[in-house]
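Please have the sequence and the model at hand while reading.

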Amino acid sequence: MPHELIAGLEASAVVLLVLLLVPKLGVDHLRARFSDLHSGRRRWLFDPLLPRGDKRAWNVALDAVDVFEQGVPLYVAGRLAEQRSAQLYLERQGRWGDSPKALLAAHLKGAINEAELHGQLKSRELPLPATKAVAAKVEARPLISVKWWLERQAMAHAMAKPNGDGLGKRARVGPPGEGTKDENEAEDTEEAESATAPRADPTYLRIRTFGRIELLQAGLDHAPELLRKKVLAFIWLYLFVRGLLEPEGRVDRGAFCEEFAPGLSPERQRKRVRDRLDDMFNRDLPTALTSRLITDRTQLRLDLAKCSIDIVRLQEIARHCGAKQGMLSSDLAAEANRVLDETEGEFLPGWEEIETETNGGRGGAAEYVRTLRQVADTARVDIMGALAANHLARQEPRKAIPLLEQALERQPEREDLARRLRAAYLETGQHLRAIEIQKDHALDA
Amino acid sequence: MLTGNRTIRLAAALTIGIALAIAAAVSSDRIPVLDDLLASSWVPAVILSVLLVGAAVGIALVLPRSRPTSGESTGPEPVIARPTIPEVRRKPAIISIHGLEAQAGCTSLAFNLAVELAAAGLVDGRRPRPICVVRAGPLSSTVGLDPKPFTDYCRSHMAAVGDEVIELAERHPSGCEVLCVADGVLDGHRLRLLSSVLRRFYDVVILDCPPGDRWLIDSAFDASEVSLLVGLPSDESAKAVLPWSDSSWRYGLDARFGLIVNRVSARTSIPELLLAAFANLALIPEDAAAGNALELPWVLRPESRAGRAITELAARLVPDVAAKESSHAA
């Protein structure tokens with residue numbers, strides 16, 4: 001056999017190997033393609049398998065062309081990844097039938113009516129779709145004595161009020177859609193609920209958040225112990241803030257993991273949260289704080305029953321005062337002054353430091369705290385305005401002026417306060433200041 | 001066309017291989033090293049080749065390729081990176097959507113997002129109630145959404161928007177509501193008033209913002225926490241995104257923007273300019289089976305690639321409200 005032929009055969013064997021190894025098509029985003037196949041986001045590595053005929057030999061030839069085109073390693077890896085993706089796809093298809101989306105799609109296509117849709121959702125213990133939003137109707141007050149009307153309102157409120165401690169819930173920032181309802185419900189219980197009565201209970205927790213953080217139970221302040229451990233303080237206070245903002249304050253565990261350790265893989269995030277919760281429960285925090293922490297596999301929350309919370313009290317008093325539209329009872333005015341004194345200072349001071357130490361300030365928790373600071377600021381301004389109105393109604397404009405000036409300094413856009421301040425200036429003979437305030441706030445003459 | 005390309009590609013690879021083999025055979029006489037190399041490597045090469053072919057045949061026999069199911073798209077799948085869209089944590093979430101060109105898919109996207117959140121989201125153990133303020137157009141008219149009631153309302157309430165405006169929104173069976181607005185009816189001031197009412201009744205407010213009115217666009221941006229710019233993989237969108245990109249970088253607001261490139265397919269390339277405009281980017285694949293989004297939303301079609309992408313987008317955009325484990329999610 002000639003030497004060239006032998007060499008040619010040898011070279012062909014090597015070239016064949018190379019051709020079998022090397023892909024002959026564009027392999028852009030290969031890593032992303034495999035990653036997507038692995039997670040089920042993608043069905044095929046390259047193109048889907050197009051319908052083929054019944055000719056076996058032809059199909060084998062087409063497969064051989066695929067192998068040659070992709071190269072054997074890529075072909076094998078792709079087929080394995082596609083297999084996993086197909087399994088995930090089938091699992092997803094299996095779950096789809098029972099999903100609310102599938103039921104909804106069936107309803108939209110006319111296969112089931114709305115009653116059947118609701119029935120099927122209920123039978124699967126799935127929540128029903130939201131109902132149509134309805135604007136609350138403002139009912140006119142019947143033309144009876146104001147005193148009788150207030151008594152009836154108070155009685156109706158007392159009857160509607162559930163047993164147990166309702167301190168936390170009523171003052172929370174309610175969920176959207178229920179805002180108007182809450183406002184109507186919350187009106188007009190004459191004096192604020194007694195803040196002292198429940199404290200006889202040894203499990204009662206008094207939470208002070210303005211100026212400094214205090215967590216008092218049976219005369220013992222647990223806050224220093226909590227604040228020494230910044231990471232655990234973050235967990236406790238984050239759930240506390242969410243509890244203030246939302247009824248029940250349930251926080252999805254996955255979302256909290258992302259909040260707690262942003263940027264890590266979900267597994268590491270979960271592990272970190274699990275470890276810190278173990279620390280909290282097992283050794284690092286007193287029972288007074290951990291007993292309120294309720295966790296399960298999907299959610300976390302802080303039980304705020306049997307608590308008195310200063311920001312909640314602040315909002316309650318602001319609402320009571322706001323509802324009066326003028327003169328306040330001496331008890332309510334005294335209580336309002338006391339609450340103003342108690343809530344001097346920043347809400348949750350030192351939160352930024354805690355957050356930065358825990359997650360580098362990369363989460364959304366600061367936004368929640370900021371919201372509550374704004375809520376508190378508005379409530380304080382409302383109380384100052386109400387107290388000022390009370391002084392004006394009692395012909396004490398000099399006492400109203402410092403309150404109004406302070407309130408306007410915090411919220412200069414409040415035209416109602418500016419009007420009151422102008423009235424107070426006029427009544428005390430300070431005409432130049434009245435003109436000034438009129439110009440500054442573009443008030444009508 | 002694709003088959004033709006494939007044939008040419010494979011023929012070229014074969015030709016190059018044969019040419020290399022011939023060249024090696026011819027030059028092996030003159031280059032002893034090459035001759036030795038070929039002599040010592042052909043046996044392992046043959047063995048490896050046989051093993052590789054055996055592996056390929058084995059895999060092909062054991063793991064047959066899955067075929068597209070009925071309704072599933074048979075077109076090539078584009079590579080869709082996971083969305084990197086800013087999160088909306090505020091409650092209620094207000095999201096404004098702006099189109100970079102006509103027919104970019106703003107209304108469809110807005111509506112699908114709202115349906116996704118309404119159908120699979122969860123807030124305090126209940127389904128959320130989103131509202132989608134959509135522009136009147138061909139899509140809205142096919143499902144009988146009428147912008148006239150809101151237009152009349154605006155005419156009779158020149159400077160105020162009361163709670164009763166929510167009665168004008170139509171409820172979709174998913175639980176989301178849709179308020180259809182004709183172009184030119186909303187202005188910046190009215191949008192502010194409207195959003196202040198909507199935020200009291202709804203968990204999520206999605207504003208499909210009409211183009212052209214700078215004041216309205218600015219007001220929508222101010223009212224919302226995140227603004228989504230919807231474009232197509234086209235030069236027109238790439239041009240239109242530039243002013244947005246410039247402004248956002250100048251004012252340091254880029255973290256509040258997300259660019260959505262709609263109708264991405266495996267056969268079209270996305271202009272580099274478009275991809276570079278914003279750090280936050282999400283791609284929505286083209287969906288042959290999509291149809292009118294308002295009739296049967298894509299997110300309610302299990303086979304819809306666009307629906308899956310929007311589900312992912314919603315989970316990223318509104319993590320507190322969106323479904324944590326959806327049947328659409330991977």
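## A pair of helices in chain A

At what angle do helix α5 of chain A and helix α6 of chain A pack, and how many Å apart are their axes? In this predicted model, helix α5 (residues 100–108) of chain A packs against helix α6 (residues 114–123) of chain A at an angle of about 165°, and the axes are 10 Å apart. Angles over 145 degrees count as roughly antiparallel, and α5(A) and α6(A) are therefore roughly antiparallel to each other. The crossing in which α5(A) passes α6(A) is right-handed.

On the side of α5(A), the contact is formed by P100(A), L103(A), L104(A) and H107(A), which meet E114(A), L117(A), Q120(A) and L121(A) in α6(A). By class, the residues of this contact of α5(A) with α6(A) are five nonpolar, two polar and one charged.

## Nonpolar cores

In soluble globular proteins, nonpolar side chains tend to be buried together. Here the largest nonpolar core has 91 residues. Those with the most contacts inside this core are I97(B), A110(B), A114(B), C132(B), I206(B) and I310(B). Helix α3 (residues 106–120) of chain B supplies the largest share of the core, eleven residues.

The surroundings of A114(B) can be described individually. Leaving aside residues up to four places away in sequence, A114(B) touches P130(B), C132(B), C176(B) and I206(B). Another core, of 72 residues, lies apart from the largest one and has F210(A), F234(A), V375(A) and I437(A) among its members.

## Contact between the chains

How many residues of chain B are in contact with chain A? There are 77 in chain B, and they are in contact with 76 residues of chain A. On the side of chain B that touches chain A, the elements giving two or more residues are α1 (2–27), α2 (32–62), α3 and α6 (188–201) of chain B.

Among the contributions to this side of chain B, that of α2(B) is the largest share, at 14 residues. The residues of the side of chain B that touches chain A comprise 40 nonpolar, eleven polar and 26 charged.

## The position of Q438(A)

Q438(A) belongs to helix α21 (residues 431–440) of chain A. Is Q438(A) buried or partly exposed? A residue counts as buried if 20 or more other C-beta atoms lie within 10 Å of its own; Q438(A) has 18 and is therefore partly exposed.

Apart from residues up to four places away in sequence, Q438(A) touches R422(A) and L443(A). Q438(A) and E415(A) are 23 residues apart along the chain, and their C-alpha atoms are separated by 10.0 Å.

Methods. Residues are numbered from 1 along each chain as its sequence is written. Chains are lettered from A and ligands numbered from 1 in the order in which they are written. This is a predicted model: local features need pLDDT of at least 70, side-chain atom pairs count only at pLDDT 80 or more; totals for chains, interfaces and linings use all residues. Axes are lines fitted to C-alpha atoms, for helices over the stretch in contact, and angles run from 0 to 180 degrees between N-to-C directions. Helices (H or I, at least four residues) and strands (E, at least two) are DSSP runs, numbered from the N terminus. Angles under 35 degrees count as roughly parallel, over 145 as roughly antiparallel, 65 to 115 as roughly perpendicular and the rest as oblique. A crossing is left-handed if the near helix is turned anticlockwise from the far one by less than a right angle, and right-handed if clockwise. Two residues are in contact if their C-beta atoms, placed from the backbone, lie within 7 Å. Ala, Val, Leu, Ile, Met, Phe, Trp, Tyr, Cys and Pro count as nonpolar, Asp, Glu, Lys and Arg as charged, and the others, Gly among them, as polar. A nonpolar core is a set of buried Ala, Val, Leu, Ile, Met, Phe, Trp, Tyr and Cys residues joined through C-beta atoms within 7 Å. A residue is buried if 20 or more other C-beta atoms lie within 10 Å of its own, exposed if 12 or fewer, and partly exposed in between; C-beta atoms are placed from the backbone.
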